[in-house]
Amino acid sequence: MSKNDEPVVGIPFYVGNNAYQAGQIPPNAIFGHPQGVPIHQTMYRDTPAPYCCVYCGNSGLTSIRSKISLAAVVGCMMPFMLGVCFLCPSMDCLWHKYHYCPSCKEKVGDFEKSDVCAVMDPPHWTQPSFALPA
């Protein structure tokens with residue numbers, strides 16, 4: 001048995017091209033109201049997410065509340081000399097997003113932007129929320 005034919009012992013590490021691990025959205029993702037489709041998992045991001053509330057059993061789209069993040073503070077300091085600041089509510093693309101059930105007002109998910117380097121990645125400032133069907 002040659003060195004290349006020996007089985008590898010330990011934790012498996014797959015080095016394939018997996019688009020979903022790279023952040024690509026699956027083709028069967030649900031973006032809007034689930035309309036009775038059972039949901040397996042919800043990815044809470046910047047936009048209202050399809051969900052099924054564990055508190056009241058309601059399904060639909062979440063309501064979002066935003067809070068200032070460190071990335072937003074850094075984004076404000078960088079162009080501050082030009083008089084532009086990302087801390088204003090209309091520029092909340094770098095803010096933390098907290099998702100709430102519109103029926104019972106309980107928090108069902110959050111999306112915190114803890115990466116300060118997100119300021120330098122404008123194409124990914126706004127990421128859509130989605131759910132995977134069961």
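# Close-up views of a predicted single-chain model

**Figure 1. Overview of the chain.** Of the contacts in the chain with a separation of 6 or more, 61% are accounted for by residues 24 or more positions apart. The model shown is predicted. Its secondary structure amounts to one helix and seven strands, and from the N terminus on these elements follow the order β-β-β-β-α-β-β-β. The chain has 134 residues, of which 31% count as buried.

**Figure 2. Confidence along the chain.** The mean pLDDT of the chain is 75, and 63% of the residues reach a score of at least 70. Among the elements, strand 5, comprising residues 96-100, has the highest mean pLDDT, at 90. The lowest mean among the elements, 73, belongs to helix 1, which covers residues 70-77. Where pLDDT is low, the predicted coordinates should not be read in detail.

**Figure 3. The salt bridge between D46 and K97.** Two salt bridges are found in a search of the whole structure. In one of them, D46 is paired with K97, and the closest N and O atoms are 3.5 Å apart. D46 belongs to the loop between strand 1 and strand 2 (50-52), whereas K97 belongs to strand 5, so the pair ties together parts that are 51 residues apart in sequence. The side chains of K97 and D46 are also joined by a polar contact of 3.5 Å. Side chains of opposite charge can pair when their charged atoms come close. D46 counts as buried because its relative accessibility is 9%, under the limit of 20%.

Figure 4. K97 is located in strand 5. Is this residue, K97, buried or exposed? K97 counts as buried, because its relative accessibility is 3%. A polar atom of the K97 side chain lies 3.2 Å from the backbone oxygen of W95. T47 and K97 are 50 residues apart along the chain, and their C-alpha atoms are separated by 8.5 Å.

**Figure 5. The surroundings of H96.** H96 is part of strand 5. With a relative accessible area of 12%, H96 is buried. Which residues does H96 touch, not counting residues up to four places away in sequence? H96 touches R65, S66, K67, I68 and S69, together with F111, E112, K113 and S114. From C-alpha to C-alpha, H96 and D46 are 8.3 Å apart in space, although 50 residues separate them in sequence.

Figure 6. T42 is found in strand 1, which spans residues 39-43. A relative accessible area of 16% makes T42 a buried residue. Where does the side chain of T42 reach? The T42 side chain reaches the backbone oxygen of P50, at 3.0 Å. Leaving aside neighbours within four places in sequence, T42 is in contact with A49, P50 and Y51, and also with F130 and A131.

**Figure 7. The salt bridge between D110 and K107.** D110 forms a salt bridge with K107, and their closest N and O atoms are 3.5 Å apart. How accessible are the two residues, D110 and K107? D110 is partly exposed, its relative accessible area being 35%. K107 is likewise partly exposed, with a value of 36%.

Methods: Residues numbered from 1 in each chain as written. Predicted model: local features only at pLDDT ≥ 70, side-chain atom pairs only at ≥ 80, totals over all residues. Heavy atoms only, no water. pLDDT = per-residue confidence, 0-100. Helix = DSSP H or I, 4+ residues; strand = E, 2+ residues; numbered from the N terminus. Buried < 20%, exposed > 50% of the residue type's maximum accessible area, 1.4 Å probe, protein only. Polar contact = N/O pair within 3.5 Å; in protein donor to acceptor, adjacent residues only side chain to side chain. Contact = heavy atoms within 4.5 Å. Salt bridge = Lys/Arg side-chain N within 4 Å of Asp/Glu carboxyl O.
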